[in-house]
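Notebook open, model loaded. I wanted to look up a few spots and write down what I found.

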Amino acid sequence: MATRMKLKLKTVFVLYFMVSLMGLIYALMQLGQRCDCAEHDMPKDRTISRLRGELHRLQEQMRKAEPTKPPQKLAVKPSQPTIYVITPTYTRFVQKAELTRLAQTFLHVPQLHWILVEDSPHKTPLVSGFLASSGLAYTHLHTPTPRDRKLQEGDPSWLKPRGAEQRNEGLRWLREDRRGQPGADTQLGVVYFADDDNTYSLKLFEEMRGTQRVSVWPVGLVGGMRYERPVVEAGKVVRFHTGWRPSRPFPLDMAGFAVSLKLVIANQDACFDGDAPMGFLESSFLQGLVTMDELEPKAENCTKVLVWHTRTEKPKMKREEALQKQGLGSDTAVEV
Ligand SMILES: *[C@@H]1O[C@H](CO)[C@@H](O)[C@H](O)[C@H]1NC(C)=O
C-alpha cells in the first residue's frame, strides 16, 4: 500500500516535472520564433511600403507640375482685368451688416478694388474702421446728396433715384486716379455698380471680367418680377424682358451691367443724372456709351440669374426707444 502510494506520488511528480519542462520548452520556442510574428506584421509592412511608394510618386508628380502650375495661377492673375466696384452707402441701422456681407463676398473675388462712397458730408468712423479691417483693396470716398434730391421720411424708395451723386464721385475718382498713369487709356479694367443690399454670386464677377464695352445679364427679384433680363437672339441683345416701360433706352437695373474701364476713361462726361425721371438713371449713364447692338450678353446668353435685387427689412426700434425714455437704452458705445 505504502509502495503504491509512493509510486503514484512519484508518477505525479514526474508527470508534473515533464509538463513543466514541456511548457518551458514551448515558451522558449515561442520567444525564438520570428516567423510567427512576421506573419502578423506583414499586412502592416505591406501597407507602409505601398504608402511610401505612393508618397514618392506624388512627390515626383509635384516636382514635375511645379514649373507649370504657379505661372498658371500666379503669373496670369496680375494681367487679368481689375474689377472696380462702386458702392454708394448711407448711415442706417443695417449698414454695417450689409457692408460685412458685401465685403465677405468681395474677399472671394481676385483683383477687385472696392470704391465705397458714403452719402455724407464727411467720412464716418464706422465706415473708416470697417474698411481698414476689411482686408480688401479699397478707396473710401464721400459726398452728400443735395437736400432737394434726398428722399424725405416716408417717401417710397423709388420716388427719387438714389446714389447718383455717390456713383458719379466714384467715377470721378477712377478717371482722376487713372489720368496720371502710363497707358491709362489701354488699362484693363471693369467698372461695376454694386448696391450694398443686393446679393452677388461669385460667378458674376468672372462673367463680367471679360467686358469689352458694356456687358449685361439678368437680375433676379427686381421690378416686381421673378427676374428682368436682356433677351438674346443669335448672341445679340434684341430687346428687354421687363414689366415696366420696356421702351426706356436701357431698361436695366443698376446691378445688371458692367462697363469697361477703357470706355469710362474715353467718355469723361458719362455720368448718372440725379434728376432723371424714375427708372431712367441707368439709361442716363449708358446712353452716351453704347448701343443696344453692342451690348455683350453674359451668364449663358442671359439665361442665368447671378445677382439678386434683395431688400433688407428695416429693423424696428420700438423697445429701444421705450427703454431710452427710461434711461435704459443700449450702450451707444457699442457699434452695431
Ligand atoms: C449663345 O448663343 C450663341 C448664338 O446662338 C451660341 O453660339 C453660343 O454658344 C451661346 N453661348 C452660350 C454660353 O450658351
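My entries follow, from the overall layout down to single residues.

**Ground rules.** I am working with a predicted model, where local features need pLDDT of at least 70, side-chain atom pairs count only at pLDDT 80 or more, and totals for chains, interfaces and linings use all residues. Residue numbers start from 1 along each chain as its sequence is written.

**Overall.** Helices (H or I, at least four residues) and strands (E, at least two) are DSSP runs, numbered from the N terminus. Next I checked burial: 28% of the 336 residues count as buried. Buried here means 20 or more other C-beta atoms within 10 Å of a residue's own, exposed means 12 or fewer, and partly exposed is in between, with C-beta atoms placed from the backbone. Then contacts, meaning C-beta atoms, placed from the backbone, within 7 Å of each other. Of the contacts between residues at least 6 apart in sequence, 75% join residues at least 24 apart.

**The seven-stranded sheet.** I traced an open sheet with mixed pairing, in the order β3-β2-β1-β4-β10-β6-β11. Which strands stand at the edges? They are β3 (137–142) and β11 (296–297); each has a single partner strand, so one side of each is left without a neighbour in the sheet. Two strands count as paired if DSSP finds at least two bridges between them. As a reminder to myself, strands of a sheet pair through backbone hydrogen bonds, either parallel or antiparallel.

I zoomed in on one pair: β6 (residues 214–216) and β10 (residues 257–260) are antiparallel, with three bridges. V216 has F257 of β10 as its bridge partner.

Helix α5 (residues 125–132) lies across β1 (82–89), β2 (112–118) and β3, and it runs at about 170° to β3. That angle is between N-to-C directions, on a scale from 0 to 180 degrees, with axes as lines fitted to C-alpha atoms, for helices over the stretch in contact.

**L188.** This residue is in the loop between α6 (164–179) and β4 (189–193).

**The β8–β9 hairpin.** I counted five bridges between β8 (residues 227–233) and β9 (residues 236–241), which run antiparallel. V231 is opposite R239 of β9. Two residues sit between the strands, and A234 in this hairpin has a positive phi near 50°.

**The ligand.** Which residues surround the ligand? I found A234, G235, E300 and N301, where near means a C-beta atom, placed from the backbone, within 6 Å. By class, that shell has one nonpolar, two polar and one charged residues. For the classes, Ala, Val, Leu, Ile, Met, Phe, Trp, Tyr, Cys and Pro count as nonpolar, Asp, Glu, Lys and Arg as charged, and the others, Gly among them, as polar.

UniProt (unreviewed entry) puts a "glycosylation site" at N301. UniProt positions use the numbering here, feature names are shortened, and annotations may be inferred rather than shown by experiment. N301 is in helix α10 (residues 299–302). It is partly exposed, because 17 C-beta neighbours lie inside 10 Å. Leaving out residues up to four places away in sequence, N301 touches V232 and G235.

**Positive phi.** A299 is not a glycine, yet its phi is positive at about 55°. A299 is also in helix α10, and it counts as buried because it has 23 C-beta neighbours inside 10 Å. R245, another non-glycine, has a positive phi of about 40°. I placed R245 in the loop between β9 and β10; it is partly exposed, with 13 other C-beta atoms within 10 Å.

The unreviewed UniProt entry lists a "binding site" at D197. The residue is in the loop between β4 and β5 (199–200). With 16 C-beta neighbours inside 10 Å, D197 is partly exposed. Not counting residues up to four places away in sequence, D197 touches E98, T310, R311 and T312.

**Helix α11.** Buried or in the open? Of its eight residues (318–325), the number buried is zero, so α11 lies largely in the open. After α11 comes G327, with a positive phi near 75°.

Methods. Contact = placed C-beta atoms within 7 Å.
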